[in-house]
Every structure is written in C-alpha cells, then in structure tokens.
Amino acid sequence: MSPIATDLWIPGIPILEKAVRSVIVYFFLIFLLRIAGKRTLGQLTSFDLVVLLLLSNTVQNAIIGNDNSLAGGLFGATVLVALNYVIVRGLYKHRKAERALEGAITVLLRHGQFVEENMRRQLITHAELEAAARRQGIQKISDIRVARLEIGGAVTFELTTPTEQDRHFADVIARLERIETRLAGLGDDDTGSAPAKR
C-alpha cells in the first residue's frame, strides 16, 4: 500500500479507542454546557460565541488522539452523529430525562418587569436582554408581555400588542383566505359544460 493510501485509510489509533474517546468527549461537553447554562448556547455576547468556537478546537486532540487519517476522522464523526441520534431518540421517549438534561424554559421578563431571580440564575444582565430585544426589532421593554430563555438558548419575546410586521402578515393571510374562498365558490359554480354561444 502506498504511503498516501496508508495516511488516508489506516487510523493512527485503534478504532475502539477512537470510539471511546468520542463518546467520553460527547458526554463531557453535554455536562459542561449544562453547567455553563443556556446563555452560552444562546450566544448572547461575543464571549459566549468565542467559547463555543474554541471548544471544538480544544477537544479535537482528545477525540482524534495521534491520528490524522481520513478514515479515523470519518469514523469519529460517524460515532458522534450516531451517538447523538441515539441520545435524542431516547430523550424523545423519556420526557423526564429530557427535562433533567436540558432544563426547562426560563421566564426572564413578565409584563415589562424583569424577573430578577431567573436573570441572576441564568447570568443575564438587563443590557443583554434589551440588546436581544432590539435585535428582534423591539424598541421598548414595556412592549414585551413575556420574554423567555428557551431550552436551546434562544431568547423569545411575546409582545403585548402585535408589531406592524405581525399586523401586515395577518392582513396578507386574511386576504389569501378570502381569495381561496372566492376561488372555491367559482369552482362550485362550474358545471363543466361549455359556455353557451351567443
């Protein structure tokens, strides 16, 4: 076998070791991100984004070991994706385990008032929440009925009154429904016969 083929297809470490390394790093990162909190996943600040970007590079050698082969990299990726599929499928069937691992939705603001205890627990400042609201086109905190930190780390807002965009969208939907009703009425009137000649 040529040196190129060896480098491509012969892993530098045993396959079993590669699988064990991948599994350990996977569970360690889940544990670490669970401790770090949902705000890291939500990337509310540039610091959170930097942490997520560096994590993959930091644990790379822990997964691949002394192996730069193509086959080893493909095998490691396959193990991670397969393990994630099994975990997600298992959590889907066992909701209590899912809540224990992923946590629950956290209300950060209700009727324009910050829920200080929840914000302290999630390490989210007023300025960060206000910045997240502005990114979604919300100018005043008083316009927000509820702000939630979702399980995946995203911050979602429910407004007291619909925005101009929401009203426009609802108007478009209403017009489309009227058009569909009229088209359905035209279809009912059509008997399938040829129009009479005059």
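1. Helices (H or I, at least four residues) and strands (E, at least two) are taken here as DSSP runs, numbered from the N terminus. In those terms, His 111 sits in the loop that joins β1 to β2 (113–114). The model is a predicted one, in which local features need pLDDT of at least 70 and side-chain atom pairs count only at pLDDT 80 or more, while totals for chains, interfaces and linings use all residues. Residues are numbered from 1 along each chain as its sequence is written, and side-chain values use heavy atoms, with hydrogens and water left out.

2. Two packed helices are described by the angle between their axes and the distance between the axes. Here the axes are lines fitted to C-alpha atoms, for helices over the stretch in contact, and the angles run from 0 to 180 degrees between N-to-C directions. Helix α2 (residues 15–36) packs against helix α4 (residues 46–64) at an angle of about 150°, the two axes being 9 Å apart. Angles under 35 degrees count as roughly parallel, over 145 as roughly antiparallel, 65 to 115 as roughly perpendicular and the rest as oblique; α2 and α4 are therefore roughly antiparallel to each other.

3. The contact between these helices (heavy atoms within 4.5 Å) is made on the α2 side by Lys 18, Arg 21, Ser 22, Val 25, Leu 29, Leu 32 and Leu 33, and on the α4 side by Leu 52, Leu 55, Val 59, Asn 61, Ala 62, Ile 63 and Ile 64. Sorted by class, the contact of α2 with α4 has 10 nonpolar, two polar and two charged residues, where Ala, Val, Leu, Ile, Met, Phe, Trp, Tyr, Cys and Pro count as nonpolar, Asp, Glu, Lys and Arg as charged, and the others, Gly among them, as polar.

4. Helix α5 (residues 70–93) and helix α6 (residues 95–102) pack at about 120°, with their axes 5 Å apart, and that angle makes α5 oblique to α6. Leu 91, Tyr 92 and Lys 93 of α5 meet Arg 95, Ala 97, Glu 98, Leu 101 and Glu 102 of α6 in this contact, which by class has four nonpolar, no polar and four charged residues.

5. Rings of Phe, Tyr and Trp (its six-membered ring) pair if their centres lie within 6.5 Å, and planes under 30 degrees apart count as stacked, over 60 as edge-to-face and the rest as tilted; by this rule the count comes to one aromatic pair. The ring centres of Tyr 26 and Phe 27 are 5.5 Å apart and their planes stand at 90°, so the pair is edge-to-face. With buried meaning under 20% relative accessible area, exposed over 50% and partly exposed in between (1.4 Å probe, protein chains only), Tyr 26 counts as buried at 12%, whereas Phe 27 is partly exposed at 40%.

6. Thr 106 lies in strand β1 (residues 106–110) and, at 6% relative accessibility, counts as buried. Leaving aside residues up to four places away in sequence, Thr 106 touches Lys 38, Asn 118, Gln 122, Ala 147, Arg 148 and Leu 149.

7. Backbone angles also deserve a look. Most residues other than glycine have a negative phi. His 111, however, has a phi near 55°, a positive value in a residue other than glycine. Leu 123, likewise not a glycine, has a positive phi of about 60°; Leu 123 is found in the loop between α7 (116–122) and α8 (126–135) and is exposed, with a relative accessible area of 60%.
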